[in-house]
Structure formats: structure tokens, C-alpha cells
Amino acid sequence: MAPLLPSSQPWVEKYRPKKVKDVAHQDEVVRVVTNTLETADLPHLLFYGPPGTGKTTTALAIAHQLFGPELYKSRVLELNASDDRGINVVRTKIKDFAAVAVGSKPHQGGYPCPPYKIIILDEADSMTEDAQNALRRTMETYSKVTRFFFICNYISRIIEPLASRCAKFRFKPLSEEVMSGRILHICNEEGLNLDSEALSTLGSISQGDLRRAITYLQSAARLFGSSISSNDLISVSGVIPQDVVESLFTACKSGDFDVANKEVTRIIAEGYPVSQLICQLLEVIVNAEDIQDEQKARICKKLGEADKCLVDGADEYLQLMDVASHTMRALCNMQQELCFS
């Protein structure tokens, strides 16, 4: 059995940067925010970008650097997707907190402590449109005593009147090099042995999401001990083994419906998530050199349609068979394609 590691807090929290300057890879955001922190006069902020790139970390670091541990609880209100943030919460909890004026306590405990409070709305793109509309008046009325930090993945889901009131910052996906440096630092701190292949695998399955990479690393460490291999990381990540994806693609290329149906049935029986399989199959299709652009376009269109159907609750077997059938059709020569038509 793998050696038991001592229980501790999640590594995502343990190694979360405490200062804005320590946030990885977001150089432009860090530079502008650091300069703004020197005056302690912040505008409303909107952070947007992929998950795990440092948006929430940056917002929390700003609040901690402004108020310190003593005033943080009384000056900062955090609301995330797990909280009810409908129109009633905006009209009561948020409005009541925003309306209270605070005194200026300059440089208390070595912190700037400006005369305003901060409301951090994490996952703001999941707020209803009515709730966002209700925020507009609150932001204008109490702008002297309250600053709003909006954090979201999709800026298109934030209504324009709110977005226009904020200074917007885009967070980029983290490069594999940046992620590797951070992961190796955590490995050194935790006494883990991670070879170059495992490090590369962790970077590819995390897709620029450092939070996801750290979570996978901790899960693998708990299950397999201090020496972690590439296969260990794949097993805890839920990523489908590449040979399974390749087998399905090969079955589709064979042009034999029975072969493709047998492969699809096997995949469903193994319990692999079809939505994840579609994402990995997309990668294989796009990178394949022996497929024409028109064929790739047809297959990718069907993959997108199937993914939407799965989100809406469609049957996994039927959707995967639909994908396999259309892939076979796209890969057939002109003669076979006419027969299908």
C-alpha cells in the first residue's frame, strides 16, 4: 500500500499567493494593480478569463494588502457561486453592506486602510440579469464608500452597464513553463518525486489551469505516495487514456459500422464520460495530417452539436454513435459519400 501522508489543508489554499506581485504569469495585471495599490485609490474592477489563472487570488491579495488581517473581516464582503445572489440579496445584503460608511485609518498596522469597503463577487457571470441590473444603482450611489470586484470566466455574460463601470483585466491561461515552475516548487516543499514525463502530462491535462494541476498533484500524492508517475496523474484526473480515443478513431477510419458500434459499446460499458471523449477526439481530429480540411470541418461541427446535446441531457450512447457515424461518413471517399446520401 502507498504510504499515508499527513492530512493537511488543500494545497490550492496552502500555496495561494498572499501578495499581488506573487501571482504567476499575469504580468500586465500585476503591474497595473501594484501601481494602483500605491495610491490605494482603486476603481471598480472586473477580472475575467479561464479558471485557475489567478483571478480570485489577485482580488483577495488586493483586499489583504489594503486592510491587513485586522480590518479585513469588517471591510470585505465575499460572495461566490455557492451563495444565493438573486435580486433579493442585492437589495438587502449587498446594499446594506455597501451603504455603511467607514472611517479612514491611514496606515494602521502598516496597511493603507483607505476609507472604503470592498465587495468581491466571484463567479459573477452566474448572477441573474435582474440581479446585475439591480447592482447598477447600488454601485453609483455608494461608489465613494464601496468598491466592487467582479470575477468571471465569461465577460459576455456580464451586462454592459456593469462592465462599463469597471476597469477590466483579462487573465491569460498559464503557459506550461510557468505551471511547471510552480508545480516543481510545491514538489520540493512536499517532498514529492515527479519525473519530466509526469510533469509534462500534468501540464497537458490541466490545460493552463494551475488550480486543477495542484489538485491533481495532491490527489495523486495521497493515493500513490511521494513518487508519482504519468499514469498515476491520468488515473486521478478523469482523462480518458489516449489509446481508447485512438481506437475509436481507427474504428471510424475503417469504414465498418459494426467495428465502430463495437468500440462505442465498449467505451460506454467502461463508463468513460462521452463529453470528455469528444474533447480528446477533437484534438486527435485537428492534429491528424492525413485528413483534409473539409473533412475536419464536418467532423468538428458534429462534435460541437453532440457536446451541446450532452449538456442538454441527451443519451451518451446515441450521441457517441452519431459522432462515430458522421466521422465515418466524412472520412469516406466520394463514392461512399454519395452512397450515404
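Predicted model: local features only at pLDDT ≥ 70, side-chain atom pairs only at ≥ 80, totals over all residues.

Biologist: How do you know that the span of helix α9 is close to the expected one?

Modeller: Helix α9 covers residues 210-224, which makes 15 residues, and from its first C-alpha to its last it reaches 21 Å. The expected span is 1.5 Å times one less than the number of residues, which for α9 comes to 21 Å, so the two values are close. Just after α9, Gly-225 takes a positive phi of about 85°.

Biologist: Which residues of α9 are buried, and what do they pack against?

Modeller: The buried residues, those under 20% relative accessible area, include Leu-210, Ala-213, Ile-214 and Leu-217. The elements that the buried residues of α9 pack against include α1, α7, α8 and α10, as well as the strands β6 and β7.

Biologist: Why is the passing of α7 and α9 called a crossing with a contact, and which residues make the contact?

Modeller: The axes of α7 and α9 come within 11 Å and cross at roughly 30°, and the crossing is right-handed. On the α7 side the contact is made by Met-179, Arg-182, Ile-183, Ile-186 and Cys-187, and on the α9 side by Leu-210, Ala-213, Ile-214 and Leu-217; the word contact applies because heavy atoms lie within 4.5 Å.

Biologist: Why is Pro-173 called partly exposed?

Modeller: Pro-173, which lies in the loop between β5 and α7, has a relative accessible area of 44%. Buried would require under 20% and exposed over 50%, so Pro-173 is partly exposed. Not counting residues up to four places away in sequence, Pro-173 touches His-25, Pro-50, Thr-53 and Gly-208.

Biologist: What makes β1 and β4 a pair of strands?

Modeller: Two strands pair if there are at least two bridges between them, and 4 bridges join β1 to β4, so they qualify. These two strands run parallel, with Leu-46 standing opposite Phe-150 in β4.

Methods
Residues numbered from 1 in each chain as written. Heavy atoms only, no water. Buried < 20%, exposed > 50% of the residue type's maximum accessible area, 1.4 Å probe, protein only. Axes fitted to C-alpha atoms, helices over the stretch in contact; angles between N-to-C directions. Left-handed = near helix turned anticlockwise from the far one by under 90°.
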